[in-house]
Amino acid sequence: MSLSSALSIAQSALLATSKQTSVVSRNVADASNPDYTRRIAVVTSTAPGARMVEIQRAANDLLFRQNLSALSAWSGQSALYNGMDQLDLSVNGVDNASSPSTAIANLQQSLQLYATTPSNQNLGTSVVDAAKQVVNSLNSGTKAIQDFRTQADSQIATAVNDLNSLLSQFQDANKSVISGTRSGTDVSDALDQRDALLKKISEYVPVSTFTRGDNDMVITTKDGSTLFETIPRSVTFTPSAGYTAGTPGNTVYIDNVPVSAGTADGATADGKLAGLLKLRDGVASTMQSQLDEIARGLVTAFAETSSSQPNAAGLFTWSGAPAIPAAGTLVDGLAGSIRVNAAFDPSAGGNPALLRDGGANGVAYVANSGGDASYSDLLIGYGDKLDQPMAFDSSAGITVSSGISDYAANAIGWFEGVRQQASTNADSKQALAARTAEALSNDTGVNVDQEMSLLLDLEHTYQASAHMMKTVSDMLDALMSAVG
């Protein structure tokens, strides 16, 4: 080997070592970045003694796709469960203190006390006050649910805007990857950026991807809608200014294809958009229907009856009074319009004794025609009707035959069951997201100890190359001296 060849080899080794050291240093610097993928400096020989360093990016497509799926599931479940927590507190209060079930139980107690001493009109006033609490619970619950739906609608609009922004950023990153691939330059940073954006996109909708020539990536939703192909597809949504009971929410579209909230299961959601849609149009709407059915049951149970006249609204009245709502048929918004009949309310000039005697709708409805102060048949009958099974609309989510008081308790049980399942699902999806992220990090992330060990090996290689160059230099000096 000539001295010039030896010098060339030493220089090539120094350059290769320098590039390898640069890659290792970059790895160590970005070790804490969850979106950074480890770089590997691969040394190849291009000619005798010559070396070239190619930078490769560690990747595991299978683990990455599993992580995307887990992130989507966790995001959807988190949105669903957190929304349920908020909904429960705003409708039922702490420990269900402001729930219709609690208010109806208090009304029953007041009725029982009044029935034991029907001559005591103070107890009659207490019944009316308890009825007002029931009405307040239903009215405020309706308002809370519709406010929640409006808020969820606003969050959907924000999520759609964020998703469109992410897709626009993804387009820029994808262009950088394609351009770098075609020119043969290192695209590791652009790939990291694209993968980071893909993780964020998957939090909103579950995605599938495939890569075409020049590293060009296409994104579709799991149901097959195209989300990105060369350019972003439009994600569109028209928010509503407000909601009333029974009003359907507007649909989210991806490339003019409706976004589905997923399965009919109220405790499962895949992606933030699905979670918000399920809250707005599923859980909250079902809760509203249950409140409306409770209100309908109360109007029916406390209706005044007559042998010669149709049943008419009694203690509880509504927008369709004096008629009684049809049996077993949901009336949207009834819980928001139900009121205590002013004829019974002392504060409105009414007489609570009508509860005992009847007659709020005229003389034909008077039951205590003799004016007996100890008459309690009507009061006992009202209390019994709260426990007697009646027909409820199955579309409200509760199919068990029961009385009003049990139906109100079942409504709480239904919600707690759905929320508990959502909580369990959220915990399992969070654990899965953490495990897949850890597995991906272990396979493609940076291990600082390994990098430092490699850096030490590179230092030894550098020292050897430097020593070789010095030896060649000394030999050249000696040769020149001998020639001189």
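## Helix H3

In helix H3, the buried residues are Pro-100, Ser-101, Ala-103, Ile-104, Leu-107, Gln-108, Ser-110, Leu-111, Tyr-114 and Ala-115.

H3 covers residues 100–116, which is 17 residues. From its first C-alpha to its last it reaches 24 Å, close to the 24 Å expected at 1.5 Å a residue.

## The chain as a whole

The model is predicted. Its chain holds 11 helices and 11 strands. The radius of gyration is 37 Å, well over the 23 Å that the globule rule gives for 484 residues, so the chain is more spread out than a compact globule. Along the principal axes, the C-alpha atoms fill a box of roughly 145 × 40 × 35 Å.

Of the 484 residues, 44% are buried. Among contacts with a separation of 6 or more, 67% are between residues 24 or more positions apart.

## Surface and charge

The chain has an accessible surface of about 22500 Å², and carbon and sulfur atoms account for 52% of it. There are 29 positive and 47 negative side chains, with the centres of the two sets 7 Å apart.

Most residues other than glycine have a negative phi, and most peptide bonds are trans. Asn-96, in the loop between helix H2 (61–92) and H3, has a positive phi of about 60°. Asn-256 has a positive phi of about 70°; this residue is in the loop between strands S8 (253–254) and S9 (257–258) and is exposed, with a relative accessible area of 69%.

Ala-321 and Pro-322 are joined by a cis peptide bond, with omega about 10°. Pro-322 lies in the loop between strand S10 (316–317) and helix H7 (334–337).

Conventions: Residues are numbered from 1 along each chain as its sequence is written. This is a predicted model: local features need pLDDT of at least 70, side-chain atom pairs count only at pLDDT 80 or more; totals for chains, interfaces and linings use all residues. Side-chain values use heavy atoms; hydrogens and water are left out. Helices (H or I, at least four residues) and strands (E, at least two) are DSSP runs, numbered from the N terminus. The radius of gyration is taken over C-alpha atoms; the globule rule is 2.2 Å times the number of residues to the power 0.38. Buried means under 20% relative accessible area, exposed over 50%, partly exposed in between (1.4 Å probe, protein chains only). Contact means heavy atoms within 4.5 Å. Accessible areas come from the Shrake-Rupley method with a 1.4 Å probe; for residues, only the protein chains shown count as cover. Lys and Arg count as positive and Asp and Glu as negative; His and the chain ends are not counted. The place of a charge is taken as NZ of Lys, CZ of Arg, CG of Asp or CD of Glu. The expected span of a helix is 1.5 Å times one less than its number of residues.
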